[in-house]
Amino acid sequence: MFENRKLRKKINILEKKGLILPGDKILIAFSGGPDSVFLFEVLTFLKRKYPIEIGIIYINHNLRKDVDKDIDFVRKFSEDNGISAYIKNTNVIEYSKENRKSVELAARELRYNIIGETSLSEGYNKIATGHNLDDNVETLIFRLLRGTSLKGMKGIPEQRGNIIRPLLQFEKKEILEYLAEKERKYVIDYTNSENNFTRNYIRNEIFPKFHHINPGFRRKINELILEINERNMEKSSLLKENPVVQDNEKKVSKEFLVEYLEREEVVLSRGKIDQIYSSLYEDKGILKGKGSKEFFLGGGKVLRKEYDRLEIIKLEEDIYADKKGSIADSEILIRNNSRNLWKDYEIYLLNGDIKPKDILSEDFNKQRSICLSIRGLPHNIEIYARSRREGDYMALENLGHKKIKKILIDKKISKWKREEIPIIVGKYLKDNKETEKILTLGDIKLSKYVKRIDKKNIFKGEIEGKILIIGRKNER
């Protein structure tokens, strides 16, 4: 097995990289084709040297009529080799229509989702795919034609998370020659010879023309990929900190912004990167310090600029009504002597003969909170919490009126976080007309109608008048 010195050398290099380690439980994305059969051969060879466990998973995309013979092959292959096999079905056409995605992209997403779920449920710590050197070159050409950033020039990564690709330095020709020599059986997917998909067209129509110009073009392009990866590793060693945090002595080049995006596994076209960079930085590479901005990067990720720093975050829930990050207005009445919740805040209005410890939550003392007495307003006032509105202003002690928007800007609170801060208002009737006064901007700014009091004092004796307590459930 693997008497060929060239193949043995590549396997030895693979071992040195530490892609496969003793004790690994590896699930092969198995199609029954030559690449996945060869991958099984490589892992079986390594299994003789140190303990690893191997399983295979086959995904039926329901795109071909002759898929039953492939499934039969997979079942027999697992029986002959004494390994576990998982055969899963999915409807790619239906998924692509529902999500308005190409069949290629839909198949890829479903395949990785199902394999990931299976590996997790069955206890596999790694997933191995049969991508080879030809696939890597094909991917680079595909990305060049579509338009790519430097990240795309790096080709397919050998490892991303728990997904490994051990065959990236093996040429397709080498794989087929080995399988023929060892008389290993595999199945052929006839759709690979059809040019319906872009990748198939590149493989079947463009590559033969490249071969006519230079028969060794695959190796040459692979050498370019390896050189790009090596230089990127050297550059990454320089990127010890987030380079986009504003520093008066630090100039940020577009190249470092690209590296930051790559580190966060964000893939963007060069045009999009140019647009982001010009929006964020001055000509000399200094981060524009005023205001806040937001760029949607796809994949549920957002690049946010908050005054003097950038941050890439993952949106876990869709709290935005539009790309501006605004949310629908909400208003609740703050009930007396009870716990009132508004987003990440809990608000209490203590009034009358009441013991605070009977009302406040058990973890209240651990929270960031302020205690306020309401003053200078009628006794029939009702307290509400609501989101901010255009034109809101607050009457400040000895400072006159100031717009809420201006306060938020002065405090350098980004626009998407402004909607999460409650405006606490008092409403009452004056001359038979409803009047509203803003009491506080969350726990950030107080109006002249409230006065801060020591939290400890509210636990001494009876409560006199109205006491407003605002606490954050989560420190942020």
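Visitor: How are helix 4 and helix 5 oriented to each other, roughly parallel or roughly perpendicular?

Guide: This is a predicted model, in which local features need pLDDT of at least 70 and side-chain atom pairs count only at pLDDT 80 or more, while totals for chains, interfaces and linings use all residues. Residues are numbered from 1 along each chain as its sequence is written, and side-chain values use heavy atoms, with hydrogens and water left out. The axes of helix 4 (residues 92-99) and helix 5 (residues 103-122), as lines fitted to C-alpha atoms over the stretch in contact with angles from 0 to 180 degrees between N-to-C directions, come within 9 Å and cross at roughly 110°. Angles of 65 to 115 degrees count as roughly perpendicular, and the two helices are therefore roughly perpendicular.

Visitor: By class, how many nonpolar, polar and charged residues has the contact of helix 4 with helix 5?

Guide: With contact meaning heavy atoms within 4.5 Å, Val 92, Ile 93, Tyr 95 and Ser 96 of helix 4 meet Val 103, Ala 106, Ala 107, Glu 109 and Leu 110 of helix 5. Ala, Val, Leu, Ile, Met, Phe, Trp, Tyr, Cys and Pro count as nonpolar, Asp, Glu, Lys and Arg as charged, and the others, Gly among them, as polar. The contact has seven nonpolar, one polar and one charged residues.

Visitor: At roughly what angle do the axes of helix 11 and helix 12 cross?

Guide: Helix 11 (residues 254-263) and helix 12 (residues 270-280) have axes that come within 11 Å. The contact is made by Lys 254, Leu 257, Val 258 and Leu 261 of helix 11 together with Arg 270, Ile 273, Asp 274, Ile 276 and Tyr 277 of helix 12. These helices are therefore roughly perpendicular, their axes crossing at roughly 115°.

Definitions and conventions
Helices (H or I, at least four residues) and strands (E, at least two) are DSSP runs, numbered from the N terminus. Angles under 35 degrees count as roughly parallel, over 145 as roughly antiparallel, 65 to 115 as roughly perpendicular and the rest as oblique.
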